Amino acid sequence: MPTNTAAWIPARNRPLEVGPAPYTAPGPDEIVVRTHAVAINPLDWVIQVAGRVAYSWLAYPFVLGADLAGEVVEVGTAVTRFRPGDRVLALSAGTDRDANSAAQGAFQQYTVALERLASPIPADLPYTDAAVLPLGLSTAACALFQTGHLGLRHPAADSAPTGETVLVWGGATSVGSNAVQLAVAAGYEVVTTASPHNAGWLTELGASHVLDYRSPTAEKDMIEILRGRTLAGALAIGPGSARACIRIAGASRGNRVVSAATAPVTFENGFSLPRTVAGMLGGGAGMVAAALRHGVRVKFVIGSDLKKNEVGPAIFRDFLPAALAEGRYRALPAASVVGSSLSDIQHAMDLQRKGVSAAKLVVTL
Ligand SMILES: NC(=O)c1ccc[n+]([C@@H]2O[C@H](COP(=O)([O-])OP(=O)(O)OC[C@H]3O[C@@H](n4cnc5c(N)ncnc54)[C@H](OP(=O)(O)O)[C@@H]3O)[C@@H](O)[C@H]2O)c1
């Protein structure tokens, strides 16, 4: 049995510590991956900073990390899609309440992953690039395709145009760059927002309009673009995005649904209980009130929910492997490798917390 090492978070609000970890054999519908690259998500440092309210159920010491790519070393008895030696990417959902499993955290050498949250990757796709995808892809897919969210038609190799338009507010985020690609692949026109320096590559991905979300006229301009079009729904990503999308959807014709990815409270500047409670009550309630006022349905997305429904296999099994192999899907935002060992992950999380622009911070293991 291999020896394993993890970057442990020993308790809430503590820095990661590298140390031995058990090697866990896969359950029937699981695989074990020798992780070669992990990517950092806001979720990782949010849990570290605000563990009293964010994922408060976690049993510490814990292993964080949602995004990984590596080589399969063992498969469960019910797994037919993978075998040892396969190159894969996988979403680690160990922080989910129903998992609460350190064995499923990405920040270790040997990680247990659910078969249905893993995809084979092409031989020419480096692990460092593949690792950027899982949580951004999964969150975008949950928002766009799940019933109860936008409920869009699924992506395919040759989707006929639907004649409808999806608004992705925050297209240069990790979630956004996946949402733009998925919606285009499903046959929707996509309008989005980003800083002007990110407009070029978002247009290359298929976005028809890219507005600067900092412009004071961004909302008005977006409403103007959508006039005469049929809205298929909006995905709100980034601070302030939910309110903007609610107002835009409320002024548009079509499916007036907003799927919100960003929580009403942010923790870049640390955790304060009064500020968090005020933000949750004010921000959350304010969002619901605004939605009611504008005749819009708004729902917060949980990025791993597709493991419970048909969207998981539709993306990780039926769409992504062929789309990557045929060059129809790009691993974005571009990987920026900022470390080469488990002991570099804390630094990478600190860098992510300071903010990135269209970049996914990656550490090789
Ligand atoms: N609910 C879930 O399950 C779930 C899962 C994953 C992520 N999230 C949340 O989704 C958000 C994005 O996460 P991520 O990992 O995709 O982010 P990320 O890649 O770290 O986002 C960085 C990008 O955010 C963009 N941005 C900053 N402020 C913005 C604003 N006000 N409006 C629109 N875009 C803005 C910037 O775009 P420019 O460079 O163009 O300025 C930057 O490129 C975070 O709030 C995260 O917590 C939620």
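Q: What separates the centres of domain 1 and domain 2, and over which atoms is this taken?
A: In this predicted model, the centres of domain 1 and domain 2 are separated by 26 Å, a value taken over C-alpha atoms. The domain assignment of the protein gives domain 1 as 4–133 + 331–364 and domain 2 as 137–300.

Q: Why is the ligand said to lie between the domains?
A: Both domain 1 and domain 2 give residues to the shell around the ligand, and therefore the ligand lies between them.

Q: Which residues are the closest of those that surround the ligand, and how many surround it?
A: A residue counts here if its C-beta atom, placed from the backbone, lies within 6 Å of the molecule; 31 residues surround the ligand, and the closest are Gly170, Ser174, Gly238, Gly303 and Ser357. Helix H1 (42–50), helix H3 (134–145) and helix H4 (174–185) are the elements that give two or more residues to this shell, and the largest share, three residues, comes from H3.

Q: How do the residues of the shell around the ligand divide by class?
A: The shell around the ligand has 16 nonpolar and 15 polar residues, and no charged ones.

Key:
Residues numbered from 1 in each chain as written. Predicted model: local features only at pLDDT ≥ 70, side-chain atom pairs only at ≥ 80, totals over all residues. Helix = DSSP H or I, 4+ residues; strand = E, 2+ residues; numbered from the N terminus. Nonpolar A, V, L, I, M, F, W, Y, C, P; charged D, E, K, R; others polar. Domains from an automatic or database assignment.
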